[in-house]
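Me: I'm new to this structure and would like to learn how to read it. Could you walk me through it?

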Amino acid sequence: MKKPVEWKRIASLFHPYWKQEVQVFAMIFLGALLGLIPPLCTLRLIDTAIPQNNFGSVCFYVGGMIAAALLAGLVGVYQGYLNSLVGEGIVRDIRSSLVSHLHRMPLDFFTSTKTGEIMNRVSSDVDSIDNVVTGTMVTVVTNVFMITTTLVTVFVLNWKLALLSIGIIPFMIFPIWPVGRKMYEVRKKTRQKRDEIEALTQETLSISGITLIKSFVREPYEHDRFFNVGTDLMKLEISLAMVGRWFMMLIAAMVTIGPAAVWLLGGWLAIQKTVTIGIVVTFTTLLNRLYGPASALAGVQVQVVGALAVFERIFEYLDMPEERCKSDGGAELAQVAGKVEFKHVQFSYSENRPALKDVSFVIEPGEMVAFVGPSGAGKTTITQLVPCFYNTQEGAVLVDDHDVKEMNLHSLRSNIGIVTQETYLFHDTIENNLRYARADATDEELFGAAKAANIHDFIVSLPEGYKTIVGERGHKLSGGERQRLAIARVLLKNPKILILDEATSALDSVNEALIQQAFVPLMQGRTSLVIAHRLSTILSADRIFVIEHGELVEGGTHSELIALDGVYANLYRQQFRERESESALLRLD
Ligand code: ATP
């Protein structure tokens, strides 16, 4: 079903700028009146001043023409300034509300949408409505004013000629609708193609993408892919440029044919001495103020209908539901003790594929629990439900006996620190990346966190120290250094609950030891949920939870679980002992 056009919503974007808009209308009205002066001066010159041989009058009317033109120019400049103010203001408002809305969108939106598409909507789509919001309103109002004032003038001058002049206008207007519709369709396809291009650029020119291309020597393939999408876009842009060209040509012809018809009737009337030559000349001059605006209005309609495609894309994002957990309101906990409980939690990312089945456990404040299990068992999923990145379908996740769904998201997440395998750092200085956790941290706190994370000495050994730029996503640092920075960042945040996804990649023994040491202060005094890949971490855990096929199958200490001789004992024998001996060999190398 076709969605009705949300004119009210588009109009509401102008609301904060109504004062400027009133001024714009005043300027437009003034400009329209000033524009009438030169043709009326022409009438006086031809019919009065010149036949009476009165040079003084000639000078007066010429002066009037010049003054009106200059004043109209000044009015135009001020109006241009106001237009930019409103247009750019609206673009800023839409962009920031779109970005804030995206910040509040659930994680699964980001896992299922290409980053390039999101980028395209936030930057290029929003940019492209600038012209429409600034241009359209002004064009419509200016031209309506111009047409009205001109119509009144021509009817006062001669009604017969006036009737003939307006008789031509319908021919200029009626083919508009199909052209506008076509414009809308093509515009929509163009924007979708741009999404594709942006997504391709994003994927292939990111540091991970380019490394993949280079390692698989896929440059020629990527070139072809880009070229083909580029060709599709080229074709669409050409049809966009050509939409309505025939129609515009018709309008342009009418703008010339109209005055010719007036000359025919006007010439005959002048011969009959029913009208003066001045009136015929003034009429043909005034017709420009009638047909020009009429064709401009026709063009605006086409532009606006085309722009609706872009507005729809922006509104589509704005209308997507935000995270369902309480983002404002809800229980606020200043400082939690750190109890984490799962009560019969049932969760699936997509229908009929449960990722967690009836998971229940309690982790007491300050306890460290290691989650182990085969790949894809659901360990990461469990940790993502604690900060409410996703909502459980059944059962509840509780922090300090409060259902996370009922908690204020800000308050909940302020109490949770997360260190994942893939450390994300901004392309900024080390200091700013650390301060992302807490902008008001003192230098002592900053250095203290870096020291505890075993990264301070490394940082100060760099020529620029804490002011070193870490590069795109921190790629100027090694994996181990990035992870220690992430640990320092969480230490600075000082949360009560810690979620740690241990890196699976084998680090050299020095880096490994540095990270293991950094874990000690990281976990002290906190409830820790660790997705463990190393035997040393598992052995130091208070309890071990074994996850298999989305279920919690075993729980207890290492010796308890070994004694049970179940899944964990098997896993231990197969995986961890092997890995330990491998890394022991690695260290011997
Ligand atoms: P690993 O040790 O390999 O990281 P894991 O135990 O952490 O595995 P999860 O990442 O929790 O496993 O994944 C559990 C299941 O959910 C897997 O079958 C996975 O394919 C699926 N899954 C994970 N994330 C998503 C997602 N965003 N959308 C859909 N399915 C997902």
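Reply: We'll go through the ligand's surroundings and then the salt bridges. Keep in mind that this is a predicted model, in which local features need pLDDT of at least 70 and side-chain atom pairs count only at pLDDT 80 or more, while totals for chains, interfaces and linings use all residues. Residues are numbered from 1 along each chain as its sequence is written, and side-chain values use heavy atoms, with hydrogens and water left out.

Me: Which residues are around the ligand?

Reply: A residue is near a molecule if one of its heavy atoms lies within 4 Å of it. Here the residues around the ligand include Tyr-349, Arg-353, Pro-374, Lys-379 and Tyr-390. Helix α14 (residues 379-385) gives the most to this shell, with three residues; helices here are DSSP runs (H or I, at least four residues) and strands are too (E, at least two), numbered from the N terminus.

Me: Which atoms of Gly-376 and Gly-378 lie by an oxygen atom of the ligand?

Reply: Look for polar contacts, pairs of N or O atoms within 3.5 Å. A backbone N or O atom of Gly-376 sits 2.8 Å from a ligand oxygen, and a backbone N or O atom of Gly-378 is 2.9 Å from a ligand oxygen. From a side chain, Arg-353 brings an N or O atom to 3.3 Å from an oxygen atom of the ligand. Taken alone the ligand exposes 640 Å², and the protein buries 64% of that (Shrake-Rupley method, 1.4 Å probe).

Me: How many salt bridges are there?

Reply: A salt bridge is a side-chain nitrogen of Lys or Arg within 4 Å of a carboxyl oxygen of Asp or Glu. By this rule the count is 23. One of them pairs Arg-543 with Glu-367, with the closest N and O atoms 2.6 Å apart. Arg-543 lies in strand β9 (residues 543-548) and Glu-367 in the loop between β2 (354-363) and β3 (368-372), so the pair ties together parts that are 176 residues apart in sequence.

Me: What about Glu-431 and Lys-467?

Reply: Their side chains meet in a salt bridge (2.8 Å, N to O). Glu-431 is in helix α16 (residues 430-435) and Lys-467 in the loop between α18 (456-461) and α19 (479-493), 36 residues apart. Glu-431 counts as buried at 14%, while Lys-467 is exposed at 51%.

Technical notes: A polar contact is a pair of N or O atoms within 3.5 Å; within protein, one must be able to donate a hydrogen and the other to accept it, and residues adjacent in sequence count only if both atoms are side-chain atoms. Buried means under 20% relative accessible area, exposed over 50%, partly exposed in between (1.4 Å probe, protein chains only).
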